[in-house]
Structures are given as C-alpha cells and as structure tokens.
Amino acid sequence: MLFCNIFLHHGRYQWQEFQLPIFLQLVAQLVSDVFLSLTNNKKLYAGVIVKDNFELALKHFNGTMLPAYQYGPSAGAAQIVATSLIAGLNKFSTHKAPVIIDTPLGRLDDVHRTNILKYYNEMSEQGVIILYTPTEINDNDQVILEDYVSHHYQIIELPDQPALSNIQKYEGQN
C-alpha cells in the first residue's frame, strides 16, 4: 500500500514515495525516542510500536508488547504516551507549527512532571503553548520553564457576561 512521499533531507523529512510500514517505522522511532526520554522507568521499556491500524503498543525490555491503552494504572502514564505521540508526529511533519497543550501536568508524578517540562522546549521549533490552571504549575516548575517562557496570560471572566472571557497578559510572571 502506497502511503506518501517522504525522505530525509538536512535532518528533516521531505516527501518521497514509500510504503505504509516504512512510515510507521519512522514515526514509531520518533515516538519511542520521546517516550524513552520522558518515562520514569527507562529500564522497563525498549520503545513504542505503531501498528498498521495506528494503534500504539509499548515494547518492554524483554520484547513483550503491551497495548498503550493498558500501559499504566494512572492518567499521568497515559499523558506521557500521548505527549510522545504528539511530539513524534510533530518531529516527522514537514509543516512547522506550534503545539498547544491543555492542562498537561495535573496528573503527573514528580519525575514525569520534571521530564515533560524540560522536554517542552524541544517539542516544536515553532513553540509550545501550555494552557494551565493556576494550581498546575508551581514555583519549582516556573524555575524549569523560566528561560523558555516569553509571556504568561490569564483568562478573565467578564463580570457582566459570565459566558464571555478576556485574555490579558499576566503581570505576576515574566
């Protein structure tokens, strides 16, 4: 089955004709690289496999496969798989675009939280927009992000129109 046209040119993938299995291997390698950099148990996993039906499976160090939907007992573990997929697809894409992530940290343990905050700067050449709640990013997280954040904004509900909001630069941050 012919899927698309892609080839590697100066470190970026460009279009060229090839088969679906090759596409899946290339994407799986990118997703695996990100997943292995983010997971809190690097010794347990050998990477991520993308099946022909685009289902993800995690490959354990001993070669067994685990469907990604069975990966972990927590929503935080699932967040690591999802972030890895988004980042892998973004790295594969020839179209440069920012990544927008909504409330990504609330379900993560400390190791995953730190890994993912440090990774956001690498996730997209066009930037990452993080939509977070006031309690989601603490002072320690701000220290990790401070060199990469240009602005913080807040959404303010309009007092006379509760169904409407206004976005304003948050002066309490850089």
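**Note on the predicted model: fold, core and local features**

1. At 3% relative accessibility, Asp141 counts as buried; buried means under 20% relative accessible area, exposed over 50%, and partly exposed in between, with a 1.4 Å probe and protein chains only. Asp141 belongs to helix α4, residues 139-145. Beyond its neighbours within four places in sequence, Asp141 is in contact with Arg113, Leu117 and Glu136, a contact being heavy atoms within 4.5 Å.

2. The basis of these remarks is as follows. The model is predicted, so local features need pLDDT of at least 70 and side-chain atom pairs count only at pLDDT 80 or more, whereas totals for chains, interfaces and linings use all residues. Residues are numbered from 1 along each chain as its sequence is written, and side-chain values use heavy atoms, with hydrogens and water left out.

3. The mean pLDDT of the protein is 82, and 86% of its residues reach 70 or more; pLDDT is the predictor's confidence in each residue, from 0 to 100. Over residues 1-10, however, pLDDT stays under 50, and the model has 34 contacts beyond four places in sequence for this segment. Where pLDDT is low, the predicted coordinates should not be read in detail.

4. The protein has four helices and nine strands, and their order along the sequence is β-β-α-β-β-β-α-β-α-β-α-β-β. Helices (H or I, at least four residues) and strands (E, at least two) are DSSP runs, numbered from the N terminus. Of the contacts with a separation of 6 or more, 46% join residues 24 or more positions apart.

5. Buried residues make up 34% of the 174 residues in the protein. The accessible surface comes to about 10900 Å², and carbon and sulfur atoms account for 53% of that surface; the areas come from the Shrake-Rupley method with a 1.4 Å probe, and for residues only the protein chains shown count as cover.

6. At 1.5 Å a residue, the 19 residues of α1 (residues 20-38) should span 27 Å, and the end C-alpha atoms are 27 Å apart, which agrees; the expected span is 1.5 Å times one less than the number of residues. Buried positions in α1 include Leu20, Phe23, Leu24, Val27, Phe35 and Leu38.

7. Which residues touch the most other members of the largest nonpolar core? They are Phe35, Leu105, Ile116, Tyr120 and Met123, in a core of 32 residues. The elements that give two or more residues to this core are α1, β3, β4, α2 (75-92), β6 and α3, and α1 supplies the largest share, 10 residues. A nonpolar core is a set of buried Ala, Val, Leu, Ile, Met, Phe, Trp, Tyr and Cys residues joined through side-chain atoms within 4.5 Å. In soluble globular proteins, nonpolar side chains tend to be buried together.

8. Ile116 is found in helix α3 and is buried, with a relative accessible area of 0%. Leu105, not counting residues up to four places away, touches Arg113, Ile116, Leu117, Tyr120, Glu136 and Ile137.

9. Three aromatic pairs are counted; rings of Phe, Tyr and Trp (its six-membered ring) pair if their centres lie within 6.5 Å, with planes under 30 degrees apart counted as stacked, over 60 as edge-to-face and the rest as tilted. The rings of Phe35 and Tyr45 have centres 5.4 Å apart and planes at 80 degrees, so this pair is edge-to-face. Phe35 lies in helix α1 and Tyr45 in strand β3, so the pair ties together parts that are 10 residues apart in sequence. Phe35 is buried at 0% relative accessible area, and Tyr45 is buried at 10%. Ring pairs also link Phe23, Phe54 and Phe92 into a cluster.

10. Most residues other than glycine have a negative phi. Phe54, in the loop between β3 (45-50) and β4 (56-60), has a positive phi near 70 degrees and is partly exposed at 44% relative accessibility. Thr103, in the loop between β6 (99-102) and α3 (110-123), has a positive phi of about 40 degrees and is partly exposed at 34%.
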